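Student: Hi! Could you walk me through this one, starting with how the pieces are arranged?
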Amino acid sequence: MLTLLEAFVLDLAFVLGIVALIALVALVGRAVEKL
Amino acid sequence: MTGSFTASAWFAVAIIATIVGILALTYRPLGAYLAWVYTARKDLAVERGVYRVVGVNSAQEQSWGVYLRSVIAFSAIGILLVYLVQRTQNLLPYSLGLPPVEPSLAFNTAISFVTNTNWQSYSPELTMGYTVQLIGLAVQNFVSAAVGIAVAITLVRAIARSRTNIVGNFWVDLTRGVVRVLLPLAVVSAILLVAGGVIQNLSVFQDITTLTGGSQSLPGGPVASQEAIKLLGTNGGGFFNANSAHPFENPNGFTNLLQLVLMFLIPVALTRTFGIMVGDKRQGYAILAAMGIIAITSVSLLVVAETVGSGSAPTAAGAAMEGKETRYGPILSAIFGAFSTLTSTGAVNSMHDSFTALGGGLAMVNMMLGELAPGGVGSGLYGILIVAIIAVFVAGLMVGRTPEYLGKRIGRREMTFASLYILTTPALVLAGAALSFAIPAVRESVTGTSMANSGLHGFSEVLYAFTSAANNNGSAFAGLTASTPWFNTALGVAMLLGRLVPIVFVLALAGSFAAQDKVPVTAGTLPTHKPQFVGLLIGTIVIVSALTYFPVLALGPLAEGLL
């Protein structure tokens with residue numbers, strides 16, 4: 001069972017991970033637009 | 001033995017013929033209806049309400065770049081919302097007393113449902129309350145399917161247009177897909193499933209006493225409503241862990257047949273929509289013929305693989321019955337397995353990990369072909385159109401003609417996008433499987449905790465997982481324990497990139513086609529509606545996949561099946 005602090009840190013990491021992955025896809029889109 | 005085999009073969013033929021007959025009846029009306037939905041000028045009242053709430057001008061179309069950013073933004077919001085409802089499910093009504101979903105699992109599941117994959121590293125009835133299932137997962141079942149259709153329609157629309165930089169309005173395509181296509185079909189399908197015995201309620205677990213005096217805890221739930229869109233939208237995520245092998249999800253032969261039909265219904269009809277929208281129905285028939293030949297070949301091979309198996313266990317049981325429901329047996333299990341992996345559904349009525357080595361390998365090959373025969377809703381059509389572009393280009397190189405497809409030139413720019421599309425998914429599959437064994441700490445967890453089998457079959461379990469995730473299928477060699485930080489995270493990344501990066505290239509291609517003028521048909525134009533092109537298209541699909549995946553298949557299912 002996770003402590004509240006551990007859960008918070010993991011939530012933050014995964015939410016940032018989602019944002020980073022989406023940003024990566026957006027960057028691919030931007031690069032393709034410039035092709 | 002020969003008589004039994006002949007009877008089995010006729011049974012398989014009868015099932016396939018019934019499905020083909022039903023799909024033949026729906027092909028024209030549904031295909032025409034879909035074409036009307038995405039080309040109609042008027043909005044319905046309910047759609048106008050949606051546009052007002054989200055602030056969309058439905059009359060204003062978008063460039064491909066804006067369309068893409070809308071898809072990405074919508075997916076991002078969806079993933080974050082599904083993550084949030086899972087992490088707060090203990091605060092929500094109808095949570096069945098379940099705790100919040102563990103963070104890495106919530107990450108995996110959120111991406112899984114938004115990308116139309118529906119990979120499940122958990123037992124739904126023991127992990128997700130009804131509110132999460134309904135407002136999180138079921139909603140994504142609808143909208144993720146609608147996104148796939150919208151992207152495919154945009155590519156087709158762009159092929160049909162000339163000298164413009166606008167390709168459609170994502171919000172209009174998304175809303176129409178949900179309101180006019182998926183919701184009505186899902187309601188009808190859910191009613192048919194309830195009539196067939198699938199449950200639909202909000203009951204909590206009920207403790208009952210069995211005939212032998214034992215006790216059992218029976219789950220309830222809004223199953224039929226989720227089941228309908230699970231198959232219609234080629235989603236595949238089960239309400240229960242056993243998926244369509246569970247008697248509350250798929251109780252009998254009628255519901256099983258209905259589920260098979262629902263998986264193919266929209267992807268098949270979309271080829272008709274394609275023909276109508278590009279103004280030449282023969283083009284739709286050619287694409288359908290390629291899909292049909294691959295599908296029938298695959299189903300036949302999988303049925304053979306699962307029915308001719310020999311050895312002491314199959315002989316004792318009368319057939320290769322490990323991991324299969326006695327209600328369905330090897331033939332209906334093999335057909336379901338083939339349908340599920342030929343589309344991007346991933347639902348199962350038997351455990352693919354227990355298929356024969358070559359049978360399990362065939363399920364993997366179906367996904368490795370790119371899930372385009374007929375593929376997922378929308379993704380199947382845009383997938384096969386990308387390969388058609390490559391086929392035209394290859395034919396052009398062979399005979400020295402300028403490649404063109406449906407009046408659009410296939411130049412450097414178009415081939416760049418098509419090639420990147422083709423390379424994205426294999427890169428994710430092969431890198432994911434390789435990293436699972438190349439990083440010492442990960443390998444220790446994968447071989448020590450996750451793999452149910454060692455050696456070749458264990459490798460196949462890991463390969464299947466990444467093939468399924470990157471192709472947005474969602475089925476599994478379920479012996480693999482995938483609810484570990486490595487698999488939850490790595491498969492989540494594979495699902496997200498495997499869905500959205502190819503969509504970038506499809507929409508870029510749409511933008512490129514829409515901007516072009518139409519090239520007139522001349523004597524030098526390769527006819528793309530004739531059997532010769534169907535053969536070329538099938539050959540291209542097979543060769544591209546074989547060259548990419550043969551080495552890794554040789555390490556897993558092929559070696560296991562031939563040793």
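Tutor: Happy to. Keep in mind that this is a predicted model. The C-alpha centres of domain 1 and domain 2 of chain B lie 22 Å apart.

Student: Which residues does the domain assignment of chain B put in domain 1 and domain 2?

Tutor: Domain 1 of chain B takes in 2-206 + 216-279, and domain 2 of chain B is 380-562.

Student: And how many residues does the contact take from each domain of chain B?

Tutor: There are 39 residues from domain 1 of chain B and 38 residues from domain 2 of chain B. On the side of domain 1 that touches domain 2, helix 3, helix 4, helix 6 (130-160) and helix 9 (253-277) of chain B each supply at least two residues. By type, that side of domain 1 of chain B divides into 20 nonpolar, 17 polar and 2 charged residues.

Student: OK, switching to the two chains. How many residues does the contact take from chain B and from chain A?

Tutor: Chain B contributes 19 residues and chain A contributes 16 residues. On the side of chain B that touches chain A, at least two residues each come from helix 3 (64-87), helix 4 (103-114), helix 15 (412-438) and helix 18 (485-515) of chain B.

Student: Which helix gives the most to that side of chain B?

Tutor: Helix 3 of chain B, with 8 residues. The side of chain B that touches chain A is made up of 15 nonpolar, 2 polar and 2 charged residues.

Student: Helix 4 of chain B came up for both contacts. Is helix 4 of chain B largely enclosed or largely open, and why?

Tutor: Largely enclosed by the rest of the structure, because 12 of the 12 residues of helix 4 of chain B are buried. Among them are Pro103(B), Phe107(B), Asn108(B), Ile111(B) and Val114(B).

Student: What do the buried residues of helix 4 of chain B pack against?

Tutor: They pack against helix 3, helix 6 and helix 18 of chain B, and also against helix 1 (4-33) of chain A.

Student: How far does helix 4 of chain B reach, and what follows the helix?

Tutor: From first C-alpha to last, helix 4 of chain B reaches 17 Å with its 12 residues, close to the 16 Å expected at 1.5 Å a residue. Next comes Asn116(B), which has a positive phi, near 70°.

Note on methods:
Residues numbered from 1 in each chain as written. Chains lettered and ligands numbered in written order. Predicted model: local features only at pLDDT ≥ 70, side-chain atom pairs only at ≥ 80, totals over all residues. Contact = placed C-beta atoms within 7 Å. Helix = DSSP H or I, 4+ residues; strand = E, 2+ residues; numbered from the N terminus. Nonpolar A, V, L, I, M, F, W, Y, C, P; charged D, E, K, R; others polar. Domains from an automatic or database assignment. Expected span 1.5 Å × (residues − 1). Buried ≥ 20, exposed ≤ 12 C-beta atoms within 10 Å, placed from the backbone.
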